[in-house]
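Hi,

Here is the structure I promised to pass on.

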Amino acid sequence: GSDPVADEFQNFINNDMTEINANYEAMKEEVAKWEGFETPDEFVDSLNNVVIPNINSSIELLGAINLETEEVIAIKEKYRAVLLAYKDGYGEMLQGFRSGDEDKVESGSEKVETAVSLLDDYNAALEALAEEKGLSVEY
């Protein structure tokens with residue numbers, strides 16, 4: 001028989017999240033360029049013009065996803081927490097680079113680390129639901 005949770009979950013992974021996952025990859029590529037940065041202005045430019053708009057776009061896309069099953073809604077909320085933590089962390093880093101406040105850059109960076117661990121939680125939740133429903137998850 002049909003399983004509404006499995007159906008919605010598969011659609012969420014295979015369709016709803018596609019553009020958001022692409023955004024995430026683009027963000028990672030941008031942040032990888034930071035190793036070569038030498039001035040605060042380069043970080044300001046990257047955060048302001050690429051990283052933060054990317055996250056805001058994902059927040060909007062995620063908000064537009066309409067779900068009906070509690071299980072998949074819970075997973076969507078986990079990803080929302082990831083995006084908000086990135087936004088918070090990178091926003092704080094941006095303020096720090098703008099004002100020359102190294103402590104702010106550092107605390108923003110720690111918030112980004114939180115986002116990374118929230119992403120691990122999200123991925124674990126995906127895998128758990130996939131396993132429960134006998135589906136395989138590629139991400």
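Let me start with the charged groups: D88, E92 and K111 are linked in a network of salt bridges, a salt bridge being a side-chain nitrogen of Lys or Arg within 4 Å of a carboxyl oxygen of Asp or Glu. Before you read on, note that this is a predicted model, so local features need pLDDT of at least 70 and side-chain atom pairs count only at pLDDT 80 or more, while totals for chains, interfaces and linings use all residues. Residues are numbered from 1 along each chain as its sequence is written, and side-chain values use heavy atoms, with hydrogens and water left out.

By that rule the count comes to 6 salt bridges. One of them joins D3 to K133, with the closest N and O atoms 2.9 Å apart. This pair links distant parts of the chain, 130 residues apart: D3 is in the segment before α1, and K133 is in helix α5 (residues 102-133). (Helices are DSSP runs of H or I, at least four residues, numbered from the N terminus.) D3 counts as partly exposed at 26% relative accessibility, and K133 is partly exposed too, at 23%; the cut-offs are under 20% relative accessible area for buried, over 50% for exposed and partly exposed in between, with a 1.4 Å probe and protein chains only.

E77 and R80 also meet in a salt bridge, at 3.7 Å from N to O. They are 3 residues apart in helix α4, so about one helical turn separates them. E77 is partly exposed at 40%, and R80 is partly exposed at 37%. Then there is E30 with K33, where the closest N and O atoms are 3.1 Å apart; E30 is buried, with a relative accessible area of 9%.

On to the packing. Helix α1 (residues 4-16) and helix α4 (residues 70-99) pack at about 30°, with their axes 8 Å apart. Axes here are lines fitted to C-alpha atoms, for helices over the stretch in contact, and angles run from 0 to 180 degrees between N-to-C directions. That makes α1 roughly parallel to α4, the term for angles under 35 degrees. V5, E8, F9 and F12 of α1 make the contact with E71, V72, I75 and K76 of α4, contact meaning heavy atoms within 4.5 Å.

Lastly, N54 lies in helix α3 (residues 40-63) and is buried, at 11% relative accessible area. Leaving aside residues up to four places away in sequence, N54 touches N23, Y24, A26 and M27.

Cheers

Methods. Helices (H or I, at least four residues) and strands (E, at least two) are DSSP runs, numbered from the N terminus. Angles under 35 degrees count as roughly parallel, over 145 as roughly antiparallel, 65 to 115 as roughly perpendicular and the rest as oblique.
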